[in-house]
Amino acid sequence: FQGVSQIITWSLSWVLLVILPRYLGDDGFGRLFLALSYATVFGTLLNMGINKYLVKRVAILNPIDNPDANAEEQFAEMQQLLGNVFSLKISLSLVLYLLLAGISFLLPYEPLTRHAILIICFATCIDNLTMTLNSVFEGFENMLRPNIALIAQKFILTAGCALLLY
């Protein structure tokens, strides 16, 4: 199912890659990719490898893999871990978002470019939290729900962009 999900999401991304330059033109496409570049750097700073660590810790704490362990203690440790990770990521997202917003206002960008940067960086914050939840599912070796959600997200994004461009 994960392979099928990958094919579907890549296909939908390819559709966007084909229609965006046609309808945005050179200037609009350049603005979009400047904002995406900001968001890529921003997303890298938000993750810092935490998601990979989370997959490992959740897999270790998975009570199904270790039936002899105290499930209540493992559940409490997992709750504390997730609380810490989400607190860290939300705080870091807020600080970095404000920093990037400040930088975008200091640089000589047009308002439309600034708005694109702010919107895409905000979407990156939300996506980063979603990737954290994905890491939890990956730790439990249950990837059906995240893959269905990813397909739905790509369909909504592609359809929304196509509709807005039309």
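This is a predicted model: local features need pLDDT of at least 70, side-chain atom pairs count only at pLDDT 80 or more; totals for chains, interfaces and linings use all residues.
Buried residues make up 31% of the 166 residues in the protein chain, where buried denotes under 20% relative accessible area, exposed over 50%, and partly exposed the range in between (1.4 Å probe, protein chains only). Residues are numbered from 1 along each chain as its sequence is written, and side-chain values rest on heavy atoms, with hydrogens and water left out.

The protein chain contains five helices and zero strands, as assigned from DSSP runs numbered from the N terminus (helices H or I, at least four residues; strands E, at least two). The order of elements from the N terminus is α-α-α-α-α. Along the principal axes, the C-alpha atoms fill a box of roughly 60 × 40 × 20 Å. Of the contacts (heavy atoms within 4.5 Å) with a separation of 6 or more, 78% join residues 24 or more positions apart. The accessible surface, computed by the Shrake-Rupley method with a 1.4 Å probe and, for residues, with only the protein chains shown as cover, comes to about 10,700 Å², and 69% of this area belongs to carbon and sulfur atoms.

Nonpolar cores were defined as sets of buried Ala, Val, Leu, Ile, Met, Phe, Trp, Tyr and Cys residues joined through side-chain atoms within 4.5 Å. The largest such core has 15 residues, of which Tyr38, Phe42, Leu46, Leu100, Ile117, Ile120 and Cys121 touch the most other members. Two or more residues of this core come from each of helix H1 (2-47), helix H3 (71-106) and helix H4 (111-139). Helix H1 gives the most, with nine residues. When residues up to four places away in sequence are not counted, Ile120 touches Leu32, Ala35, Leu36 and Ala39. A second, separate core of eight residues includes Ile50, Met78, Leu81 and Val85.

Ser93 is buried, with a relative accessible area of 7%. A polar atom of the Ser93 side chain lies 2.7 Å from the backbone oxygen of Lys89. Apart from neighbours within four places in sequence, Ser93 is in contact with Phe42, Leu46 and Cys125.

Side chains of opposite charge can pair when their charged atoms come close. Two salt bridges were counted, each requiring a side-chain nitrogen of Lys or Arg within 4 Å of a carboxyl oxygen of Asp or Glu. In one of them, the side chains of Arg31 and Glu110 meet with an N to O distance of 2.4 Å. This pair links distant parts of the chain, 79 residues apart, with Arg31 in helix H1 and Glu110 in the loop between H3 and H4. Arg31 is partly exposed at 21% relative accessibility, and Glu110 is partly exposed at 44%. Arg57 forms a salt bridge with Glu77, their closest N and O atoms being 2.6 Å apart. Because Arg57 lies in helix H2 (residues 50-61) and Glu77 in helix H3, the pair ties together parts that are 20 residues apart in sequence. Glu77 is partly exposed, with a relative accessible area of 35%.

At the surface, Phe1, Leu144 and Ile148 form a nonpolar patch with about 300 Å² of accessible area together. Phe1 lies in the segment before H1 and counts as exposed at 51% relative accessibility. Patches comprise residues with over 30% relative accessible area and no salt bridge, like charges being joined within 9 Å and nonpolar side chains (Val, Leu, Ile, Met, Phe, Trp, Tyr) within 5 Å.

Note on methods. A polar contact is a pair of N or O atoms within 3.5 Å; within protein, one must be able to donate a hydrogen and the other to accept it, and residues adjacent in sequence count only if both atoms are side-chain atoms.
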